[in-house]
Amino acid sequence: MARARKPLLVVVTGPTASGKTSLAIELACCYGTEIISADSRQIFKDLPIGTAAPSPEERSRAFHHLVGILDLDGYYSAARFEEDALGILNTIFATRDIAIVCGGSMMYVDALTRGFDDMPRVSDATRNYVLSLLETQGTEAVLAQLEIVDPAYFAEVDRANTRRVVHALEISLEAGVPYSTLRKGQRRERPFRTLKLAVDWPREELFDRINRRVDAMIADGLEEEARRAFAVGDFNSLNTVGYKEMKAYFNGTMDFDTAVARIAKNTRVYAKKQLTWLRRDSEIHWLNPTSALAEACSLIDRELAEE
RNA sequence: GGUUCCAUGGCCGAGUGGUUAGGCAACGGUCUGCAAAACCGUGCACAGCAGUUCGAUUCUGCUUGGAACCU
């Protein structure tokens, strides 16, 4: 009895359009707690339609953290999410023994539940140096330098994936030690237990839900939302399904109907990538769509009952 | 009835007498600071039949199915 039971973090995840938001809200209401969004796009302001962010009504039913708090040109990352979410959880767990994370940004979920290794924040100077190296001398030059600085990682990276190569070089230069030596990949000890849930839709049905949701987004004014967003600037936050297709339409490189069809298609592709990620996560409890809430509650109750 | 043209994998779309077009979709995968990102892997398709040829998706003929035009 000396050891207090750890609080419980319920992670409501799953592919896009699988009903995470409503399930999370039901659970938050049932258990009287708050929701932390693990969604790399809902965190931005001014994108509620295209990111299917919780509506004001939904947000009045359960408090949502990390939704609509960042300007479109703001920088965010999985590491920041880890930090922010841990801080918020600390507050929630001060008065409750259960909290909910809801979102389909899988790397965010992993960052929070498993933890990232400590790495230096890349300075502007380093970032600009690597960027200019890439722009003036190409990927080859970046690879060549990575090979010198971190031969071990050079040997294992996907060299075609410029983004990761650049990142590895940035970190190595910033830290003064090879990136690979910082990548321990060790799971962090957390002050809470984790229960991961996802609704297991047959793919056909999921795709159907996606198609219908895209139509609804268009009806709700996605075009205008996108127009306003791009008027502010073309930021990474808008390199997102729903917005990049609208951009092509605005540019005149794609007609409206094609753009809409592409949004649906790319959303399906996105859902598949999420499923690929989810498939290898053995901790996930897959819920039957017709009884998801009841199954979730019974899993949670069981967890809460355990010492 | 006649003349001409076309016929490529789910779709689009190049091409060649003998090595893989490519794109999109589909399916599978990678994933430790932009992740709704970025990247990787998987399809021996050439309408059917016969012929020419060492060899035909590529040449010839016929058949079938389209398209256009003419009487």
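Leaving aside neighbours within four places in sequence, which residues is Ala-62 in contact with?

Tutor: One caution before the details: this is a predicted model. Leaving out residues up to four places away in sequence, Ala-62 is in contact with Ile-25, Ala-28, Cys-29, Glu-34 and Ile-35. Ala-62 sits in the loop between α2 and β3 (64–65). Ala-62 counts as buried because 22 C-beta neighbours lie inside 10 Å, and the cut-off for buried is 20 or more. Tyr-179 is 117 residues away from Ala-62 along the chain, and their C-alpha atoms are separated by 41 Å.

Two other loops deserve a look. Ala-17 is found between β1 (8–13) and α1 (20–31). Ala-17 is buried, because 25 other C-beta atoms lie within 10 Å. Its phi is positive, about 70°, although Ala-17 is not a glycine. Asp-46 lies in the loop between β2 (35–37) and α2 (56–61). Asp-46 also has a positive phi without being glycine, near 70°. Asp-46 is partly exposed, because 16 other C-beta atoms lie within 10 Å.

Now the interior. In soluble globular proteins, nonpolar side chains tend to be buried together. The largest nonpolar core here has 62 residues. Val-10, Val-12, Ala-24, Ile-100 and Val-101 touch the most other members. Helix α12 supplies the largest share of this core, six residues. Take Val-101 as an example. Apart from neighbours within four places in sequence, Val-101 is in contact with Leu-9, Val-11, Val-12, Ile-36, Ala-38, Ala-85, Val-109 and Leu-112. A second, separate core has 12 residues, among them Val-142, Phe-154, Ala-168 and Ile-171.

Ala-168 lies in helix α7 (residues 162–175). It counts as buried because 24 C-beta neighbours lie inside 10 Å. Beyond residues up to four places away in sequence, Ala-168 touches Leu-146, Asp-150, Tyr-153, Val-157 and Tyr-179. Glu-303 is 135 residues from Ala-168 in sequence, and 39 Å away in space, C-alpha to C-alpha.

Helix α4 (residues 106–113) is largely enclosed by the rest of the structure because six of its eight residues are buried. After α4 comes Gly-115, with a positive phi near 95°.

That leaves α12 and its packing against α11. Two packed helices are described by the angle between their axes and the distance between the axes. The axes of α11 (residues 244–251) and α12 come within 9 Å and cross at roughly 165°. The two helices are therefore roughly antiparallel to each other, since angles over 145 degrees count as such. Their crossing is right-handed. On the α11 side, Glu-245, Met-246, Ala-248 and Tyr-249 make the contact.

Technical notes: Residues numbered from 1 in each chain as written. Chains lettered and ligands numbered in written order. Predicted model: local features only at pLDDT ≥ 70, side-chain atom pairs only at ≥ 80, totals over all residues. Helix = DSSP H or I, 4+ residues; strand = E, 2+ residues; numbered from the N terminus. Contact = placed C-beta atoms within 7 Å. Core = buried A, V, L, I, M, F, W, Y, C linked by C-beta atoms within 7 Å. Axes fitted to C-alpha atoms, helices over the stretch in contact; angles between N-to-C directions. Parallel < 35°, antiparallel > 145°, perpendicular 65-115°, else oblique. Left-handed = near helix turned anticlockwise from the far one by under 90°.
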